[in-house]
Every structure is written in C-alpha cells, then in structure tokens.
Amino acid sequence: MSMNRRSVIKVIATGGALIGASVLMPRIAMAAWTTKAFEAEDQATAMNELLGSAVEESAEVTLKAPDIAENGAVVPVTIRSSMAGVEAISVFVEHNPTPLVAEFIIPEGTDADVSTRLRMGKTSKVTAVVKANGKFYSASKEVKVTIGGCGG
Amino acid sequence: MTMSRREFARLLGIAGAAGVLPATGFAAKKQTGDLYEIPNSGNVRLLHMTDCHAQLMPVYFREPNVNLGIGNAYGQAPHLVGEKLLNHFGISPGSLEAHAFSYLNFNDAASRYGKVGGFSHLKTLVNRLRQSYGTENTLLLDGGDTWQGSGTAFKTRGMDMVEATNELGVDYMTGHWEFTYHQEEILNNIKAFNGEFLANNIYVTEDALFDGADEYIHDEDSGHVFKTYSIREIGGVRLAIIGQAFPRTKIANPARFIPDWTFDIYDSEMQELVDTLRSEEKVDAVIVISHNGMDVDLAMASRVSGIDVILGGHTHDGMPQPTTVKNQYGQTLVCNVGSNGKFLGVMDLDIRNGKVKGFNYRLMPVFSELLPADAGMAKLIEDIRAPHYQWLNEELALADEVMFRRGNFNGTFDQLICNALMEVNDAQISLSPGFRWGTTVLEGQKITMEHVLDQTCLTYPETYVRPMKGSELKLILEDVADNIFNPEPYLQSGGDMVRVGGFDYVCDPLQPIGKRISEMTLDNGERIDANKMYTVSGWATVGAQSDGPIIWDVVAEHLRDKQVAHIDKLNTPILKNVAGNPGIDGYSKIK
C-alpha cells in the first residue's frame, strides 16, 4: 500500500465531508417528512414514519457492532450490504429516547458500506435497515452497555 | 493420555506420602526429582504460565468453593469445585494433587505442604522441563496479568516483572492488567521485554491515528497496535503463536490510561488470520495465548476453526486437563492454568505434516518446598524487594481464620476490606471489586502489609465515600451479576461478584439482568429502600479518579487498630436455584 493509513483516513475524511454535503442537501428538501421520524419516541413509530412499509430480516444486510460497548457515548457500527440497488441505510437504537439515529442516502453506483458512532444510554437492540429497489431489509444486534469495573 | 495422567498421579502420590510427615520434615528433598520428572513425548513442548499477578515470592492460594456454571457451562469445567472437581478429573481425595486443585481441607493441607509458586522456584522447574525435553524444542508462554498485583510492581510500574520474566525466559506473552499503566509506560515495558508481546485484538482508534499514533503502532494499515502473531520453527515444524489480549480491558479497567487503543473479540478476523496462517504461511499448528477467560475461550473455540491449542488465563481456573472443543474442521484444546504462580502447564505436542497427532498434558503445581530456589532469580528478587522491605514486612494483625478472596462471592479477606472501608471511611455500606487475584493467609499467620497489597495493589487505588440511592446500589449489583452469570460467554467479563459490606441480599443467578438481586437488607435488619439514600464507600473506580485515601492504607489502619483480624459476619448472599450445582460446595446460604 503506497499511501499510509493516516493519509488514507484524511482522504476519506475529506471525501466524507463532500458526501456529507450531498447527504445534507436532500435532507433539507426532505425535512418535512423525516422530522417526525427523527423525533419519534418509539421504534415502531420511527420506522413507520421513515419507511412506511414492512421490513424483512435479511442475511444480505451486515451489521457490525460490539457485543459490549467500550464506551456507550460512542458505539462504533458498520452497515454493509451486497444487494444491488441500495438507495438508503437507516439505523435505529430501540431503547434510545429517540430511536432513529441516522439515515444515509446511498447515491447510485456507490458501495453500500457506512460507519458511524451511536450514543447509547443503556443496553439495547440496534437495527439497521437497508432500502433496496423500494423494499426494506434489516439486521439487528443487541449491544450491551455496562457501568464497567470490577473485572478480574 | 490415560497413561500420563496415571503416571502423574503416581508421582504426585509419592510426594503425597511424603506429605504425611510432620511439617518440619516436608523439605522432602529426596522426592523432588520424582515429582517433577515427567516422560517426554511428541516434538514440541509448550510451558504455560498465566495470571501470576506479580507474585515473585511463594504464597498460599486457596481455590474457590463457589464457581457456578450457568446455562451450557453447568457442571462443565471450569465450573466444578471440591469433590466434584476431583471426581471429574480422577484425582484421589486427600492427595497432594487434591490439595493443589481444590479448596478442600485447605488450612491443614497448606500448613503441611507449604507455599506454592515463587519465581525462583518456578525458574528451577522451567529449567528442568526445558533441559529434560531439549531447550530448543521448548517454548514458555505467559498469558499476562504479570505486571500487576504486588507493591514492587506498583512502585516500578511493572518493570520489576519485565526483569523477572526476562530472567525466567518467557518467549511470548499477551496482556490485561498490563494495560492499567499508561500507554507510554506499557510501550516502554514491552521494549524492555526480551520475548514478544502479541495481541491480535487491540486496534488503534482512528482519532489517535490522526494524532500521530502511527509513529509507534505495529501495523499502520491494519491498525494493530501490537504484533498479532509470531511464527517459530521448532521441533521440525512451523508453529504459529497468536496473542489474544483481554477483550474487555477498557470496560473492566480504567479506559483513561489507554485512550488510543480499542479491544474486543473479533471472531471473523481471527478465523481469517488462522486460515491465512495455514494456507499461506504453511504452519503445521496454531497456538493462541489468550486472556479471554475460560468460558470465552471455550466459546471462541467452537466458533473459530483451525486453532489447535488455546493456552488460556484470566479466570484463574487451575484445570488439570484441557477441554476438547469440536468445531467445523476439527477440534481445539482449551487450557487454563490458575493464578499467582501456583501452576505451570506442560503441553507436549506431537505435530506432524500440518496436524497435531497427539498430546500429553500436565498441570504442575509449583510446590516451593519441593523445588530449590534458582540462585540467579533469587538474587534478582532480593534486589527488587530490598528497598521496600520496611513497607512490605509490617505485621498488621493476626488472622484468626483463613483469609482468602477467590470465589463468586465475598471471601474472608474481602470482608476485612469491606469492614475497613465502613469503619475507617465512616460509611453504612461498602463495595469491593470481585477481582480474582489476591493470595491467602492461613489461620494463625500474621497479616502483613504485603498481604494487604496482594489483595489491593492496582494503579487506581483511591477510595470514595458518597451518598447512593438504594436503586443505584441494586443497579450496580445487577450489572456485575450479569457480567458473571449471563449465559452468553461473550457478555461475561470474567470477574467475580462485587463484594459487599453492611448488607445482605438474595441472588438468583438463573434470572436475567434486573431480576437476579432482591431483598437487599442492612445488617441491622432494615430492608434497603430503592428511594432512600445510603452512605457508600468503595475503591478502584474505573470512570474517574476518586479522592479518598488509598485502599491499602485504609485496610492497614483498620488491621493495626484491631490487632486480630476476625470476621463476625460474612456478607455473602442467600442463593436461589443453585442447589446441586457442581460449582458450589460448603456454602450454607442456599434457598
């Protein structure tokens, strides 16, 4: 690898900012109908507001998250999918005060592979939903948040 | 395997017979050769130590009488105690071996057989086992928890143990409590270590990479902070050794000392590594030196294929034989070799054409009186300790019963600590972590400052006193209970239950989190109210540094004042749903 890891990350970060901008713009346009989803206080409502359609579990959605969070304030998660025609990826933390954490719009021709960090106050199921060809597919995992200490 | 087992039992039987002589006669010098001379087999010998917790000197160490197995772990190694453990492994009751592996008749047997461990005695045993097999075909692996647990390790920030393991000739190690020093200190210690420090499951955080961590980490592309594996040509084969550090270090211990690093269990990465080592590096066998803890190792062995042997630690389980775990492509042997320098695992492997064809395993108790001290190591230890003798050797109080820690719930020494916290820090309730380290003091022995340090010495020793609601107290107990009794091993952290002073409770390990703890009741009989405030004292806080006095000073003050260490009441819980569990013995409070 000719580029060292630090420069790769810097490149990604710069690219990330650009992608971020492109994600933000449609968000402003869509604000009217996503606000309700992001403000919903239970997962069923949040999902219904954002997706408005049934979600089926799929092995083609990969959700990487730790079994136990090292720090509940920044829990790293990665969502990938090998499915064709992925349009969006959203993340829900069931026991958070507002369960919908993020929605990523995936432009056509882009790898469906996103990473982010979640803030979690307590142990909860984390669900990733992939929208592909107008349908919704999900993967879930329970992430334990502990007060720590007392280890042997 | 049956042969070697019988052979070992016979040899130990000889020493056992010698043991019936009066204590003064148990130098038993004539027997030393017999006890530790074992037949050679195979082409590679792995010597395995773990979790010595910086115990350079011989100690007493009592095995637990409560080590409950929940779910699939019920009745399985390592969750066996007392006679259940002896029966499972075919060990004769009353033998020297029975004393080494179980808590039974501890005080009498320990008085008779003497102390265990000590690096100068361990050195003699290691030398003997290397020379008799051919030093070039032998490796010594250390599972970690080596740099913490004594006053001298604390004063030298673990460096005394780096010197001692160099003198011992450790080839490979991984870690856990090693990470309770500061990042730079850890890196410095590793630089001074003559062997290789391996960990495939520690990555640098991306934030740290931005701040220049790429200057020191092992692999900038993968993000591995340390070398992940090593390949060794030995006994005519290629051997891969992978390091697996304690995956919950930043949860169980202060994250603030190691802000740039992140730990976890990465099964798919481990599988990829094992596959690559076999297909591209063409290794004949794969060994993992692990600090996962035995339950996690057993689970990992079932989920990852292609590892031949996991040399495990963390949970301090002295298992006389490995557990064989079947997995997709074959099987994995999982060992665990106790703590505090008490045991040395000896794994002779017959490796041919990319396969482990057979093995012979013995877990050797290191009886200090049966192994003469190695002069070079004894001199090094003397040099390390001499500047601190006055501190270490102070006699604080007389123990009027065996003082120990190890077990799922309060040991007697924990109760001393809890009582000291309540009295010296003037609190209604006290909490003390369920660590598994800490040595044992026999009845009638003087408790010294060194004994107190054995139980308390870590790098975040400040105590606290603070008001806490009853509901908060319950939350803490529930959280810790889930760390030990959750049936999913990857959700356990490997410690024991938090020790408590000033109140009792009822615990049902079979319930889920939130439902295990009930009927919390103060020593005066008053039920703890979820909405009432209580004054609670504790120590070893992982979040932020506390501002109270140092725990060993608190305990020492209490003991000096008492002169006789006596336990009026042990705050162990009443247990539900554990009657008949082979992981509990000699425990009266079962509902």
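Q: What order do the elements of chain A follow from the N terminus on?
A: They run α-α-β-β-β-β-β-β-β-β. The tally for chain A is 2 helices and 8 strands. Both kinds of element are DSSP runs numbered from the N terminus: a helix is H or I over at least four residues, and a strand is E over at least two. A word on the source: this is a predicted model, in which local features need pLDDT of at least 70 and side-chain atom pairs count only at pLDDT 80 or more, while totals for chains, interfaces and linings use all residues. Residues are numbered from 1 along each chain as its sequence is written, and chains are lettered from A and ligands numbered from 1 in the order in which they are written.

Q: What share of the residues in chain A is buried?
A: Of the 152 residues in chain A, 34% are buried.

Q: What percentage of the contacts in chain A between residues at least 6 apart in sequence join residues at least 24 apart?
A: The figure is 62%. A contact here is a pair of residues whose C-beta atoms, placed from the backbone, lie within 7 Å.

Q: Why is helix 6 of chain B called roughly parallel to helix 8 of chain B?
A: Let's start with the angle: the axes of helix 6 (residues 119-133) and helix 8 (residues 159-168) of chain B come within 10 Å and cross at roughly 25°. Angles under 35 degrees count as roughly parallel, over 145 as roughly antiparallel, 65 to 115 as roughly perpendicular and the rest as oblique. That is why helix 6 of chain B is described as roughly parallel to helix 8 of chain B. Axes are lines fitted to C-alpha atoms, for helices over the stretch in contact, and angles run from 0 to 180 degrees between N-to-C directions.

Q: Which residues make the contact of helix 6 with helix 8 of chain B?
A: Helix 6 of chain B supplies Phe119(B), Leu122(B), Lys123(B) and Val126(B), and helix 8 of chain B supplies Ala164(B), Glu167(B) and Leu168(B). By class, this contact of helix 6 with helix 8 of chain B has 5 nonpolar, no polar and 2 charged residues.

Q: Why are helix 6 and helix 14 of chain B called roughly antiparallel?
A: Helix 6 of chain B packs with helix 14 (residues 375-385) of chain B at an angle of about 155°, their axes being 8 Å apart. That angle puts helix 6 and helix 14 of chain B in the roughly antiparallel class. On the helix 6 side the contact is made by Phe119(B), Ser120(B) and Lys123(B), and on the helix 14 side by Met377(B), Ala378(B) and Ile381(B). These residues divide into 4 nonpolar, 1 polar and 1 charged.

Q: Why is helix 17 of chain B said to be largely enclosed by the rest of the structure?
A: Because 8 of the 8 residues of helix 17 (residues 449-456) of chain B are buried, the helix is largely enclosed by the rest of the structure. Among its buried residues are Met449(B), Glu450(B) and His451(B). What covers them includes helix 7, helix 16 (412-424) and helix 19 (551-562) of chain B.

Q: Why does Asn340(B) count as buried?
A: Asn340(B) has 29 C-beta neighbours inside 10 Å, so it counts as buried. This residue is found in the loop between strand 12 (330-336) and strand 13 (343-352) of chain B.

Q: Why does Asn577(B) count as partly exposed?
A: Asn577(B) has 15 C-beta neighbours inside 10 Å, so it counts as partly exposed. You will find Asn577(B) in the segment after strand 24 (574-575) of chain B.

Note on methods:
A residue is buried if 20 or more other C-beta atoms lie within 10 Å of its own, exposed if 12 or fewer, and partly exposed in between; C-beta atoms are placed from the backbone. Two residues are in contact if their C-beta atoms, placed from the backbone, lie within 7 Å. Ala, Val, Leu, Ile, Met, Phe, Trp, Tyr, Cys and Pro count as nonpolar, Asp, Glu, Lys and Arg as charged, and the others, Gly among them, as polar.
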